[in-house]
Structure formats: C-alpha cells, structure tokens
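Please look through the structure below, then follow the explanation that comes after it.

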Amino acid sequence: MLIDTHTHIDMENFKDRFDDVIKTAKEYGVEKVVIPGVEPAGFVRIAELCENYKNVFGAVGVHPEELNSYNDEAEEQIKQYLKHPKIVALGEVGLDYYWDKSQIERQKEIFERQILIAKEAGKPILVHDREAHQDSFEILKKTGAADVGVVMHCFSGSPEFAMECVKEGFYIALGGVVTFKNAKKVKEVAKVVPLEKLLLETDAPYMTPVPFRGKENQPAYVKFVAQEIADLRGISFEEVAGTTTANAEKLLKL
Ligand code: NI
C-alpha cells in the first residue's frame, strides 16, 4: 500500500473525473491521499472531498504564492477547518523566493503566524520551501514547529540540508523529480535520508514522474516514485512502500 501525501486533485481539471482518479490510484496500490490547501476559497471543496471519500484527507493553509488572500478572516477559517477530523495538517505553507522576492518579509510573517496556529491545533505542517532553505529552516526551528511535525514537501535542497532537517525531526517528502535523469541532488537525498523520515507524494498535476513525464500527474504515479527510491537504495519496493506508508499514517494520523 502507498500514500500520496501531497496531491492537488481538488483542482478544476480533475473535477469531472475525480472518481476515476481515485479508482486508478487504488489500482496502483495508492490507498490514501492528502490534498493540501493553497488559499481560503479552496477549503470548502477540500472538506467536501474528505467527507465524500473515505480515503481522502486534507490540509488547509495559505501558500506563499497566495499571500494576498491572507487576512484575519483567512486565519479564522484555517483555525476552524483544522478542527475537522479529516483535515489532518496545516498546509501548504512556507516561503517561495523563486516566485516573488518582493514580499519576503510578508511571506515570513504569514508562514510564522500559520505555524503558531498549527501548534495550537496540534496538527503537523506541510512546508513549501522553494529557494528559501535557510529562512524556512530558521523559522521552523525558532517556532518549535517540530513539536507538531514538519514535512518538507517536494524537497529540493542538498543531501546535507536534508540531514540537517532530519536532525530536527522533520520529514522529507519526495515526488516525481527523483525519477528525472538529471536530478542528481534529489537522487542523493533519496539515498541518505533514513527511511523512517521519508514520505512519498506526487504534487499532481505537476512534477509527473518518468515514464509519464510531460503528461498530467495523478496520485497513482506515486508508485513510480516508490520504485525509483527502492532502486536507488537497493532495497525492495515493498520496504519503501511499507515504511513510508507507516510514516505517513503515524505523522498525519490517517
Ligand atoms: Ni503543492
């Protein structure tokens, strides 16, 4: 059994074939999925999907690219949704210096505020860190985010940074990039991080793994991520699947 811990199948392009996407996932052995939120307008749909599908779980949070949607009302909504039994985490939240460097202080501020909300709610945090490793790490450390659990989603740092994160108790989530031929750094990360700290994800519809690279991604394809990690580590697919599934179930209480 596999779990896709980060998939955006609440998006419009999956709307008319949501059942099929879930069915295909099951055929590939992917039994549970977590849909992270990016902005308040999307939270209702995520909660609905959680309520309508037994194996669908969700998260709520304001993504750094959506920081203009962050205000008191958004904060209140996040707090309310975090009480939902199937909203298992805060996310995705974090810092993105690739997308926009003009509002770094604002990004940091809302990242920190949301971490404190997660700590109050006692739910783990799904972190988006793009070209902002140092600042993300410092904020997570300063706020004691590891107390509730931290997932470094779509990890893109060096193996050394991965180990620093592990030392703090953070989980490292890997997706389709690990299957890309030129992704040397991520492949190295997949080898050195203790299996007990690894999670699998797709980030669908983005980051589609080989052999479907270039096409639309979906939760089923987390299978290719697991296989690649098994090959890189020289262990069985079952070991990767079993341990990462146990990790996700334990951290996110799925
Ligand atoms: Ni994402």
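Predicted model: local features only at pLDDT ≥ 70, side-chain atom pairs only at ≥ 80, totals over all residues.

Does Lys142 count as buried or exposed? At 60% relative accessibility, Lys142 counts as exposed.

Lys142 forms a salt bridge with Glu112, with the closest N and O atoms 3.1 Å apart. This pair links distant parts of the chain, since Lys142 lies in helix H5 and Glu112 in helix H4, 30 residues apart. Glu112 itself is partly exposed, at a relative accessible area of 24%.

Another salt bridge joins the side chains of Asp135 and Lys108, at 3.7 Å from N to O. Asp135 is in helix H5 (residues 133-142) and Lys108 in helix H4, so this pair ties together parts that are 27 residues apart in sequence.

Within helix H4 (residues 104-121), Glu109 and Arg106 lie three residues apart, about one turn of the helix. Glu109 and Arg106 form a salt bridge, their closest N and O atoms being 3.5 Å apart. Both belong to a network of salt bridges that links Glu75, Arg106, Glu109 and Arg113. In the whole structure, a search finds 13 salt bridges.

Now turn to the metal site. The nickel ion is coordinated by His6 (NE2), His8 (NE2), Glu92 (OE) and Asp203 (OD), at 2.1 to 2.5 Å. The angles among the four donor atoms run from 83 to 170 degrees, and the site is irregular. His6 lies in the loop between strand E1 (2-4) and helix H1 (18-27) and Glu92 in strand E4 (residues 87-96), so the pair ties together parts that are 86 residues apart in sequence. Both His6 and Glu92 are buried.

Note on methods:
Residues numbered from 1 in each chain as written. Heavy atoms only, no water. Donors = N, O, S within 2.8 Å, 3.2 Å for Na, K, Ca; no water. Tetrahedral: all angles 85-135°; square planar, octahedral: opposite > 155°, others 65-115°. Helix = DSSP H or I, 4+ residues; strand = E, 2+ residues; numbered from the N terminus. Buried < 20%, exposed > 50% of the residue type's maximum accessible area, 1.4 Å probe, protein only. Salt bridge = Lys/Arg side-chain N within 4 Å of Asp/Glu carboxyl O.
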